[in-house]
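Thanks for coming. I have one structure to go through today, and I will keep it short. Please look at the screen.

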Amino acid sequence: MSSIPISVQGFEKVKKELDRLKKERPEVIKAIAEAREEGDLKENGGYHAARERQGMLEAKINYIESRIPQFQVIDLDTLNGSKITFGATVTLEDIDTGDTKVYTLMGPDESDFKKGIISIESPVGKALLGKEEGDEVVVNAPKGKIEYGIVEVTFNGSSE
């Protein structure tokens, strides 16, 4: 079983989500019971919707519970160095266009592309791991190969 890196803050967020989902269980069970009282289950849309909601809820709970033992919780405030690792914030320059992008590398459970947080398991994340300022990387993106220059590597801790 391989470990999945996650920040302390990300781990707390996952635990809160799990608690929230578990607190939803009783209301879903109540909705199923109420729909069951309406009679014929074959044509009871409310019953089928409640059962589907219960299945999705249980699937989410099981998914989170299965991942928690694999988490390697990392305190972002303890990270530093010149090599790109989990928790690093990286400024990249597209060699062809000159466009710059800033990404923070996190685990798959914390990635949020709109906020510039990418997974270390993404194509860009994989290409950057272990590299340093001044290095160039080639990323195999869906639209083709993109060559980036690494402009800056910082570790900002949990302030992000």
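This is a predicted model: local features need pLDDT of at least 70, side-chain atom pairs count only at pLDDT 80 or more; totals for chains, interfaces and linings use all residues.

Start with Ile 32, which lies in helix H1, residues 8–36. Is Ile 32 buried or exposed? Its relative accessibility is 5%, so Ile 32 counts as buried; the cut-off for buried is under 20%. Which residues does Ile 32 touch, if we set aside those up to four places away in sequence? They are Tyr 47, Ala 50, Arg 51 and Gln 54. Take Tyr 47 from that list: Ile 32 and Tyr 47 are 15 residues apart in sequence, and their C-alpha atoms are 5.6 Å apart in space.

Next is Arg 67, in helix H2, which covers residues 45–67. Arg 67 has a relative accessibility of 15% and therefore also counts as buried. Leaving out neighbours within four places in sequence, Arg 67 is in contact with Ile 4, Pro 108 and Asp 109.

Last, the second largest pocket. It holds about 170 Å³ of space. The lining is made up of 14 residues, and those nearest the centre are Tyr 103, Phe 113, Ile 118, Val 124 and Tyr 148. Which elements each supply at least two residues of this lining? There are strands S4 (100–106), S5 (117–119), S6 (136–141) and S7 (144–154), together with helix H3 (123–128). Sorted by class, the lining of this pocket has 10 nonpolar residues, 2 polar and 2 charged.

That is the end of my part.

Terms used. Residues are numbered from 1 along each chain as its sequence is written. Side-chain values use heavy atoms; hydrogens and water are left out. Helices (H or I, at least four residues) and strands (E, at least two) are DSSP runs, numbered from the N terminus. Buried means under 20% relative accessible area, exposed over 50%, partly exposed in between (1.4 Å probe, protein chains only). Contact means heavy atoms within 4.5 Å. On a 1 Å grid over the protein atoms alone, a cavity is a set of points where a 1.4 Å probe fits but cannot get out, and a pocket is an open set with protein on both sides within 12 Å along at least five of seven lines; lining residues have an atom within 4 Å of a point. Grid points are joined across faces, edges and corners, and a volume is the space filled by probe spheres set on the points. Ala, Val, Leu, Ile, Met, Phe, Trp, Tyr, Cys and Pro count as nonpolar, Asp, Glu, Lys and Arg as charged, and the others, Gly among them, as polar.
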